[in-house]
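Hi,

Here is the structure I promised to pass on. Have a look at it first, then read my notes below.

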Amino acid sequence: MDLRSLRYFVAVVDHQGFSRAAEQLHVTQPTVSKMIAQLEQSLDLVLLERIGKRFTLTDAGQVVLARGRALLAMHAELNVELADLQQLRRGELRLGVTQQAHQPLAPLLAAYHRQYPDVELKLFEDGTQAIEANLRNGTLEMGSLLDYAGNAHIWTEFDSLPLVTSPLCVLAPLASAWRGRPTVALRELADSPFIFYGASFALNDIVTDACAAAGFQPRISGRSGQWDFVASLVRLGVGVAILPRLFCDTLPQGQFSIATLTEPALDWKLRLAWRRNSHLSFAARAWLNLARTT
């Protein structure tokens, strides 16, 4: 049994005849008769009792008519919903974002909403390591990931698009020894307490690996996944932090010492990532097109 044979059967009943059904369906009468016969054969049931040119519905015909109408209606609704998705009149965008991605992504999200106001934006906020795991298991379609030496292997399984690159800086209390310095070498921070980040933040690995290369292990005095709170702890003298210039430049300049990190110089590289060869929803493809052209 297929939908076309059901459609022909319902048309015959609705138009009370094979010839009138054929006219409405824009096919020949023999075609309609053949489709009804095939439907009865597939069900091994008689649906229409024929009396000359007239017919009556059997009990089985009554059941097939009622269910057939429902199936055809569901099929029509399915086509409408799929068309809506293709034209982005509905749907959702599941995007993983770190707190650090808010600033570069906010204008893109606003532009996307203006173009596709009926698509629901479902933003999952977490660290890049958690976003990476959720991209793998399919919970997220796209997400912001950091690109650094420690995760170079992941780009064999993820496609990506660069979003922003910003040099990492030393954020220290205003009265620190580095006040007024344009640059600070990482080794100069060996005796300083560090404020680190949430457990799922890749920036932990970036800073830890850089410190090891500089010959010391950072002494951690606190942790937070919220950069604003990290900055507050720095201002109060709890420790120093390594954060991107794009964030440091938003802070009150008279309350901190901010210097570009050198030896090594490190960049914070944020990329929009998705699983390679995965099927992206219409909403996700529209988001990707917008990100590529903005």
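**What I found**

Let's start with helix H7: on the face turned away from its buried side sit the exposed residues Ala212 and Ala213. Before going on, bear in mind that this is a predicted model, where local features need pLDDT of at least 70, side-chain atom pairs count only at pLDDT 80 or more, and totals for chains, interfaces and linings use all residues. Residues are numbered from 1 along each chain as its sequence is written, and side-chain values use heavy atoms, with hydrogens and water left out.

"Buried" means under 20% relative accessible area and "exposed" over 50%, with partly exposed in between (1.4 Å probe, protein chains only). Helices (H or I, at least four residues) and strands (E, at least two) are DSSP runs, numbered from the N terminus.

H7 covers residues 203–213, and its buried residues are Leu203, Asn204, Ile206, Val207, Ala210 and Cys211. Looking down the axis of H7, these fall within an arc of 170° (taken from the directions from the helix axis to the C-beta atoms), so they line one face of the helix. Just after H7 comes Gly215, with a positive phi of about 100°.

H7 also matters for the pockets section: H7 gives the most to the lining of the largest pocket, with three residues. A pocket here is an open set of points on a 1 Å grid over the protein atoms alone, where a 1.4 Å probe fits, with protein on both sides within 12 Å along at least five of seven lines; lining residues have an atom within 4 Å of a point. The largest pocket has a volume of about 180 Å³, counted as the space filled by probe spheres set on the points, which are joined across faces, edges and corners. Its lining includes Ile206, Asp209, Ala210 and Lys269. Strand E12 (267–275), like H7, supplies at least two lining residues.

The second largest pocket holds about 150 Å³ of space. Among its lining residues are Phe18, Arg20, Arg54 and Phe55. Helix H2 (18–25) gives the most there, with three residues.

Finally, the inside. A nonpolar core is a set of buried Ala, Val, Leu, Ile, Met, Phe, Trp, Tyr and Cys residues joined through side-chain atoms within 4.5 Å. In the largest one, with 68 residues, Leu243 and Trp287 touch the most other members. A second, separate core has 20 residues, including Val13, Phe18, Leu48 and Leu72.

Cheers
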